[in-house]
Amino acid sequence: MNFIEELRWRGMLHDMTPGTEEQLQKEMIAGYIGFDPTAASLHIGNLATIMLLVHLQRAGHKPFALVGGATGMIGDPSGRSTERDYLSEETLRHNQEGIRAQLTRFLSFDSGENAAEMVNNYDWFKGITFLDFLREAGQHITVNYMVAKDSVKKRLETGLSFMEFSYQLLQGYDFYWLYKNKGVRLQMGGSDQWGNITTGTELIRRKEGREEYQAFALTTPLITKSDGTKFGKSAGGNIWLDPALTSPYQFYQFWLSTADSDCPRLIRVFTLLSQEEIEELERQHAEAPHLRILQKAIAKEVTTRVHSQAGYDLAVKASEVLFGKATLDTLRSIQADEFDIIFEGVPQTEITADDLANSKDITDILSIGSKGEVYASKGEARRAITQNAVSINKTKVSDPAAPVELEWLQDRYVLVSKGKKNHLLKKV
């Protein structure tokens with residue numbers, strides 16, 4: 001597998017320094033990407049760069065994932081108009097562990113010669129004094145060179161602290177340290193990182209006293225939607241890789257709701273499907289867009305990789321329960337530990353023994369018994385039933401005067417479906 005050719009057909013190659021492709025074809029080289037622990041979890045915006053490391057390893061090269069325990073204390077000014085919030089050391093350590101665990105899902109750390117490695121730049125920065133760092137790195141990179149970077153120029157008008165200004169020098173030193181101590185010769189990242197990455201290649205060249213470059217840089221395009229807006233966010237914010245922050249169901253639904261126009265790019269960037277497989281899926285999708293074949297393929301591949309096969313299966317089951325053709329038998333089959341996950345975010349109304357005693361028919365249950373939270377009045381509930389718009393536990397209700405005969409899911413819930421919307425009645 002040719003790493004650069006793989007990136008080209010997938011649309012994942014934005015820029016690279018001269019000689020990078022030739023060096024990658026010549027021998028196995030080590031390459032790295034840095035991840036600053038500004039949150040306890042990575043999100044799908046990070047996933048595009050993680051896939052660079054995945055493809056690098058699949059091509060026979062050695063990937064390094066750097067967790068920025070030191071640089072995370074400062075914050076990268078790239079792509080920002082204001083300074084980041086300062087994080088405590090305790091928060092940074094917590095975030096580092098979360099990111100470290102997530103990266104292990106994508107890379108093989110026991111594949112022999114090209115096994116992935118994980119490093120933390122705090123390990124080498126903690127022993128360097130400020131004066132040592134100025135002598136080690138500061139004397140080799142001019143202020144003129146640093147100010148010329150886009151990430152700096154865009155912030156000079158609004159204000160840039162010396163702390164953030166120094167970020168590119170710290171990242172450049174990361175590359176130099178890895179080059180000297182781990183034999184790393186390639187740094188990769190998103191296209192907004194080009195300035196920081198090339199500061200590293202320049203620092204290595206100057207410290208080594210070479211005219212030619214001994215280290216290389218490569219970037220991938222930032223992922224945006226076809227309408228130009230930022231990719232990776234929903235109405236609730238970032239789509240995280242941590243299931244505690246974004247459930248497998250929410251994660252799966254995000255990909256399933258992708259616009260047709262975005263799918264050709266996303267399926268190339270976020271899945272490992274071959275070119276032939278992708279082109280065949282695109283052909284099938286073009287013939288029957290309503291089946292959402294591309295969306296389902298992306299959702300399956302990415303959800304399985306991030307959340308496991310079990311996570312994907314649970315997400316599919318949740319989708320069928322909430323929006324698909326699930327039956328009462330499907331509801332009965334849901335295990336206790338799955339129930340809360342599937343119905344996370346579904347509105348709930350508590351219903352008491354008195355509510356049940358005072359409800360003479362199903363119309364009462366949907367209005368009086370639910371305190372008006374399902375239907376505001378008996379009349380509204382009755383109209384919905386006669387219009388065939390109500391299901392209880394996935395079974396259509398056709399008679400407003402039907403007696404109260406409820407099967408309690410997990411011994412305490414009843415699922416009421418109002419058209420395409422869902423509501424849980426919880427017995428207390």
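These are my notebook entries on a predicted model of a single chain.

**Entry 1: overall dimensions.** I began with the whole chain. I noted 20 helices and 13 strands. Along the principal axes, the C-alpha atoms fill a box of roughly 90 × 45 × 40 Å. The chain has 428 residues, and buried residues make up 50% of them. I then looked up the accessible surface, which comes to about 20,100 Å², with 49% of that area belonging to carbon and sulfur atoms. Of the contacts with a separation of 6 or more, 71% are between residues 24 or more positions apart.

**Entry 2: the open sheet.** I traced an open sheet of 6 strands and recorded the order β1-β6-β5-β2-β3-β4, with mixed pairing. Which strands stand at the edges? They are β1 (15-16) and β4 (117-120); each has a single partner strand, so one side of each is left without a neighbour in the sheet. I next examined the pairing of β2 (residues 30-35) with β3 (residues 62-67), which is parallel and runs over 6 bridges. Within β3, V67 is the residue that stands opposite F35.

**Entry 3: helices across the sheet.** I looked up two helices that lie across strands of the sheet. Helix α4 (residues 89-103) lies across β2, β3 and β4, and I recorded its direction as about 165° to β4. Helix α11 (residues 194-208) lies across β1, β5 (184-190) and β6 (216-220), and its angle to β6 is about 170°.

**Entry 4: T49.** I then turned to T49, which I located in helix α3 (residues 44-58). Is T49 buried or exposed? T49 has a relative accessible area of 11%; residues under 20% count as buried, and T49 is therefore buried. Setting aside neighbours within four places in sequence, I found T49 in contact with I33, F35, G189, G190 and T220. F35 is also the residue opposite V67 in β3. I also checked T49 against V269: the two are 220 residues apart in sequence, and their C-alpha atoms are 9.4 Å apart in space.

**Entry 5: a nonpolar surface patch.** Which helix gives the most to the patch? Helix α6 (residues 130-138) does, with 3 residues. The relative accessible area of L131 is 60%; the cut-off for exposed is over 50%, so L131 is exposed.

Note on methods:
Residues are numbered from 1 along each chain as its sequence is written. This is a predicted model: local features need pLDDT of at least 70, side-chain atom pairs count only at pLDDT 80 or more; totals for chains, interfaces and linings use all residues. Side-chain values use heavy atoms; hydrogens and water are left out. Helices (H or I, at least four residues) and strands (E, at least two) are DSSP runs, numbered from the N terminus. Buried means under 20% relative accessible area, exposed over 50%, partly exposed in between (1.4 Å probe, protein chains only). Two strands pair if DSSP finds at least two bridges between them. Contact means heavy atoms within 4.5 Å. Axes are lines fitted to C-alpha atoms, for helices over the stretch in contact, and angles run from 0 to 180 degrees between N-to-C directions. Accessible areas come from the Shrake-Rupley method with a 1.4 Å probe; for residues, only the protein chains shown count as cover.
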